[in-house]
Amino acid sequence: MSTEQDKPETRKRTAAEIEADLLRTRAEITKNMDELTSRVDPRRQVQDLKDQAKNLADTTTEQAKAFADDVKAGKPRALGIVGAAAAVVAAIVGISVLRRSR
């Protein structure tokens, strides 16, 4: 059975404390709403997609240049990839020619 001594001491908050809590909460809610609004803004989403596409294109270009340099340098792995790609293209062309001649 609880007594008055077992209860934590509660004190009434002042109007200034309540107002300060309300202002702090309002600021947090405003910040959260601004973040959400920014995330769902179509213009921002389009810009984010453009940035991602540009980054991907830049990365792919760098990789392609590095691969071309490897081929020029005669590195076996790069030459093997080029050879395999050429074989695949030749097979596709050959199959296409055979189908048309039937």
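**Note on helices, salt bridges and one annotated span**

1. Asp 21 counts as partly exposed, at 25% relative accessibility. Here buried means under 20% relative accessible area, exposed means over 50%, and partly exposed lies in between (1.4 Å probe, protein chains only).

2. This is a predicted model: local features need pLDDT of at least 70, side-chain atom pairs count only at pLDDT 80 or more, and totals for chains, interfaces and linings use all residues. Residues are numbered from 1 along each chain as its sequence is written, and side-chain values use heavy atoms, with hydrogens and water left out.

3. Asp 21 has a charged partner. Its side chain meets that of Arg 24 in a salt bridge, at 2.2 Å from N to O. The term stands for a side-chain nitrogen of Lys or Arg within 4 Å of a carboxyl oxygen of Asp or Glu. Both residues belong to helix α1 (residues 15-40); they are three residues apart, so about one helical turn separates them. Helices (H or I, at least four residues) and strands (E, at least two) are DSSP runs, numbered from the N terminus. An α-helix has 3.6 residues a turn, so residues three or four places apart point the same way. Arg 24 is partly exposed, with a relative accessible area of 46%.

4. The pair is part of a network. Salt bridges link Arg 13, Asp 21 and Arg 24. The count of salt bridges comes to eight.

5. What makes up the nonpolar surface patch of about 290 Å²? Ile 29, Met 33 and Leu 36 make it. Patches take residues with over 30% relative accessible area and no salt bridge; like charges are joined within 9 Å, and nonpolar side chains (Val, Leu, Ile, Met, Phe, Trp, Tyr) within 5 Å. Accessible areas come from the Shrake-Rupley method with a 1.4 Å probe; for residues, only the protein chains shown count as cover. Leu 36 sits in helix α1. Leu 36 is partly exposed, at 46% relative accessibility.

6. Another salt bridge joins Asp 41 and Arg 43, with the closest N and O atoms 3.6 Å apart. Asp 41 is partly exposed, at a relative accessible area of 22%. Arg 43 is exposed, at 66%.

7. Now helix α2. Its 31 residues reach 44 Å from first C-alpha to last, close to the 45 Å expected at 1.5 Å a residue. The expected span is 1.5 Å times one less than the number of residues. Lys 54 is exposed, at 52%.

8. Look next at the end of α2. Asp 70 lies in this helix, which covers residues 42-72. Asp 70 is partly exposed, with a relative accessible area of 27%. Leaving aside residues up to four places away in sequence, Asp 70 touches Lys 75 and Ala 78. Contact means heavy atoms within 4.5 Å. Just after α2, Gly 74 takes a positive phi of about 80°.

9. The UniProt record, an unreviewed entry, annotates residues 78-98 as "transmembrane region". UniProt positions are given in the numbering used here, feature names are shortened, and annotations may be inferred rather than shown by experiment. In the model, residues 78-98 are 100% helix and 0% strand, and their end C-alpha atoms lie 30 Å apart.

10. Arg 99 has its place in helix α3 (residues 76-101). Arg 99 is exposed, at 67% relative accessibility. From Arg 99 to Ala 68 is 31 residues in sequence and 34 Å in space, C-alpha to C-alpha.
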